[in-house]
Amino acid sequence: MESVRRKSQDLLHKALFESKKNGSANIVTTQNEEGEDNLQTLAKSIENAIYELNDGEINNGYKESIRSHILNLKDRQNPLSQRVLTGEVDPMEFASMDSAEMATADRRQSNEQLRRNSLQASMGYTMDNRPRHRDLEQGNE
């Protein structure tokens, strides 16, 4: 199971590195006494926080959370990655975010519209919020 955690840390590090390379924030990479750069340290901190939030278990929740966080770090349209890199959002706060909290404003709006459309369709409403009527004698809507 340690290999899964190490791979998760590597993937987070790669996503952070790509965000740093593509971002507008001026992030300086430094090394600590162990020879790790600050992005590796940040990736380990994020992974450790996600691991702790999943009760110290590597389960589907842990894996899904890692995937979600990596995807959001890689999203060039999402300013969250720059906020994580600059320290505005700390690793524990970032790790505790769900996909809705990490989403960009455009993505949230798109998701909300999709949710509303699905709800309307499931309740039998037309797009202009009028209920569909059935002609019961003819069996038509």
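Guide: Let us start with Ser65, which sits in helix H3, where helices are DSSP runs of H or I with at least four residues, strands are runs of E with at least two, and both are numbered from the N terminus. Please keep in mind that this is a predicted model, in which local features need pLDDT of at least 70 and side-chain atom pairs count only at pLDDT 80 or more, while totals for chains, interfaces and linings use all residues. Residues are numbered from 1 along each chain as its sequence is written, and side-chain values use heavy atoms, with hydrogens and water left out.

Visitor: OK, is Ser65 buried or exposed?

Guide: Ser65 counts as buried because its relative accessible area is 16%, the classes being buried under 20%, exposed over 50% and partly exposed in between, with a 1.4 Å probe and protein chains only.

Visitor: And what does Ser65 touch?

Guide: Leaving aside residues up to four places away in sequence, Ser65 touches Ile50 and Ala95, a contact being heavy atoms within 4.5 Å.

Visitor: Zooming out, how many helices and strands does the protein chain have?

Guide: The protein chain has seven helices and zero strands, and along the sequence this reads as α-α-α-α-α-α-α. Of its 141 residues, 30% count as buried. The accessible surface comes to about 9700 Å², with 46% of it belonging to carbon and sulfur atoms; these areas come from the Shrake-Rupley method with a 1.4 Å probe, and for residues only the protein chains shown count as cover. Among contacts between residues at least 6 apart in sequence, 60% join residues at least 24 apart.

Visitor: Back to the helices, then: at what angle do H1 and H3 pack?

Guide: Helix H1 (residues 2-22) and helix H3 (residues 60-74) pack at about 15 degrees, with their axes 8 Å apart; axes are lines fitted to C-alpha atoms, for helices over the stretch in contact, and angles run from 0 to 180 degrees between N-to-C directions. H1 and H3 are therefore roughly parallel, on a scale where under 35 degrees is roughly parallel, over 145 roughly antiparallel, 65 to 115 roughly perpendicular and the rest oblique. Their crossing is left-handed, meaning that the near helix is turned anticlockwise from the far one by less than a right angle, whereas clockwise would be right-handed.

Visitor: Which residues in H1 and H3 meet there?

Guide: On the H1 side they include Leu12, Ala15 and Leu16, and on the H3 side they include Ile66, Ile70 and Leu73. By class, the contact of H1 with H3 has nine nonpolar, three polar and two charged residues, where Ala, Val, Leu, Ile, Met, Phe, Trp, Tyr, Cys and Pro are nonpolar, Asp, Glu, Lys and Arg are charged, and the others, Gly among them, are polar.

Visitor: What about H1 and H2, how is their crossing handed?

Guide: The crossing of H1 and H2 is right-handed, with an angle of about 130 degrees and axes 8 Å apart, and the two helices are therefore oblique to each other. Among the residues making this contact are Arg5, Leu12 and Phe17 of H1 and Leu39, Ala43 and Glu47 of H2. By class, the contact has eight nonpolar, five polar and five charged residues.

Visitor: And H2 with H3?

Guide: H2 and H3 pack at about 145 degrees with their axes 9 Å apart, and the crossing is right-handed.

Visitor: New topic: which residue has a positive phi although it is not a glycine?

Guide: That is Asp55, with a phi of about 60 degrees. Most residues other than glycine have a negative phi. Asp55 lies in the loop between helix H2 (38-53) and H3, and it counts as exposed because its relative accessibility is 65%.

Visitor: Last one: where is Glu101 found, and what about Ala105?

Guide: Glu101 is in helix H6 (residues 99-102) and, apart from residues up to four places away in sequence, touches Ser96 and Arg108. From Leu80, 21 residues away in sequence, Glu101 is 9.9 Å apart, C-alpha to C-alpha. Ala105 is in helix H7 (residues 105-123), and counts as exposed at 53% relative accessibility. The C-alpha atoms of Ala105 and Gln77, 28 residues apart along the chain, are separated by 10.0 Å.
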